[in-house]
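This briefing covers the fold, the core, the strand pairing and a few individual residues of one protein. Please look at the sequence and the model first.

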Amino acid sequence: VVLATIVLAGCGSSPTVDYYTLAMEPSGRSAPPVSVRVDTLQTTEALTRSRIMIASSPTRVEYYATASWAASVGELVQRKLQAEFGEPTAGQPVYVLSGTVTACEQVDRADGTQARLEIDAIVRAAHHKKFEDPLISRTFSATVPAPGSEPDAIAKALTQCAETIASEIATAIAEL
């Protein structure tokens with residue numbers, strides 16, 4: 001009876017969940033000559049789960065059992081991009097970035113673990129209406145080698161991906 005109680009008590013406990021986020025400190029790599037406000041970023045269905053996604057093969061997706069994002073992927077990427085662009089500056093033209101995060105994942109490959117972030121971005125001048133053609137409608141993607149295959153290493157590598165994408169978006173806006 002005692003042994004059965006111990007076994008059942010062990011089965012009733014759930015594993016500890018660890019939470020991760022992107023590093024929100026600005027890298028200083030994205031300094032557009034205008035103000036950029038990051039609007040809400042949508043996500044694909046696969047990214048609506050809180051657990052960190054792993055593309056274990058070109059046709060298989062898995063999720064960490066005990067590693068979750070501290071907020072939704074869309075919110076984390078939105079906050080990181082806004083940190084990269086900085087707060088709006090008075091007197092500068094304002095552009096609004098919106099779109100969909102289509103990939104935010106660990107990618108397992110034969111040559112090592114990578115992190116991949118992809119955003120279908122739309123940029124409009126702040127005074128433009130949503131039904132008007134955007135100034136930029138483009139997919140921005142970054143893939144970097146991860147320093148390891150544990151969730152913390154993936155979060156750090158995805159932070160680098162977001163910084164790269166922010167820099168590319170800033171360059172595209174500067175070219176308008």
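In which strand is the place of S35? S35 is in strand β2, which spans residues 35–43. Helices (H or I, at least four residues) and strands (E, at least two) are DSSP runs, numbered from the N terminus.

The model is predicted: local features need pLDDT of at least 70, side-chain atom pairs count only at pLDDT 80 or more, and totals for chains, interfaces and linings use all residues. Residues are numbered from 1 along each chain as its sequence is written, and side-chain values use heavy atoms, with hydrogens and water left out.

**Overall fold**

- The protein has 3 helices and 7 strands, and their order along the sequence is α-β-β-β-β-α-β-β-β-α.
- Along the principal axes, the C-alpha atoms fill a box of roughly 75 × 35 × 30 Å.
- Of the 176 residues, 40% count as buried; buried means under 20% relative accessible area, exposed over 50%, and partly exposed in between (1.4 Å probe, protein chains only).
- The protein exposes about 9,500 Å², and carbon and sulfur atoms supply 53% of that area. Accessible areas come from the Shrake-Rupley method with a 1.4 Å probe; for residues, only the protein chains shown count as cover.
- Among contacts between residues at least 6 apart in sequence, 70% join residues at least 24 apart; contact means heavy atoms within 4.5 Å.

**Strand pairing**

- Strands β5 and β6 run antiparallel and are joined by 14 bridges; two strands pair if DSSP finds at least two bridges between them.
- β5 and β6 form a hairpin, with 2 residues between them.
- β6 also runs antiparallel to β7, with 10 bridges joining the two.
- The bridge partner of A103 in β6 is E118, and E118 stands opposite S141 in β7.
- In a regular strand the side chains alternate between the two faces of the sheet.

**Nonpolar core**

- The largest nonpolar core has 47 residues, and W69, V77, L81, F85, L97, V101 and L117 touch the most other members. A nonpolar core is a set of buried Ala, Val, Leu, Ile, Met, Phe, Trp, Tyr and Cys residues joined through side-chain atoms within 4.5 Å.
- Two or more residues of this core come from each of β2, β3 (51–57), β4, α2, β5, β6, β7 (136–145) and α3.
- The element that gives the most to this core is α3, with 12 residues.
- Beyond its neighbours within four places in sequence, L97 is in contact with V36, R37, V38, D39, L81, F85, A121, I122, V123 and I169.

**Helix α2**

- Helix α2 (residues 73–85) has 13 residues and reaches 18 Å from its first C-alpha to its last, close to the 18 Å expected at 1.5 Å a residue. The expected span is 1.5 Å times one less than the number of residues.
- Its buried residues are V73, G74, L76, V77, K80, L81, Q82, E84 and F85.
- The cover over these buried residues includes β1 (18–20), β2, β4 (60–69), β5 (94–109), β6 (112–125) and α3 (151–174).

**Two buried serines**

- S35 has a relative accessible area of 3%, so S35 is buried. Not counting residues up to four places away in sequence, S35 touches P88, T89, Q92, P93, V94 and Y95.
- A polar atom of the S35 side chain lies 2.7 Å from the backbone nitrogen of T89. A polar contact is a pair of N or O atoms within 3.5 Å; within protein, one must be able to donate a hydrogen and the other to accept it, and residues adjacent in sequence count only if both atoms are side-chain atoms.
- S30 is in the loop between β1 and β2, and S30 is buried because its relative accessible area is 5%.
- Not counting residues up to four places away in sequence, S30 touches E84, F85, E163, A166, S167 and A170.
- The backbone nitrogen of S167 is 3.0 Å from a polar atom of the S30 side chain.
- S30 and T171 are 141 residues apart in sequence, and their C-alpha atoms are 8.1 Å apart.

**A buried loop leucine**

- L47 lies in the loop between β2 and β3 and, at 5% relative accessibility, counts as buried.
- Not counting residues up to four places away in sequence, L47 touches M53, V73, V101, T102, A103 and C104.
- L47 and A146 are 99 residues apart along the chain, with 19 Å between their C-alpha atoms.
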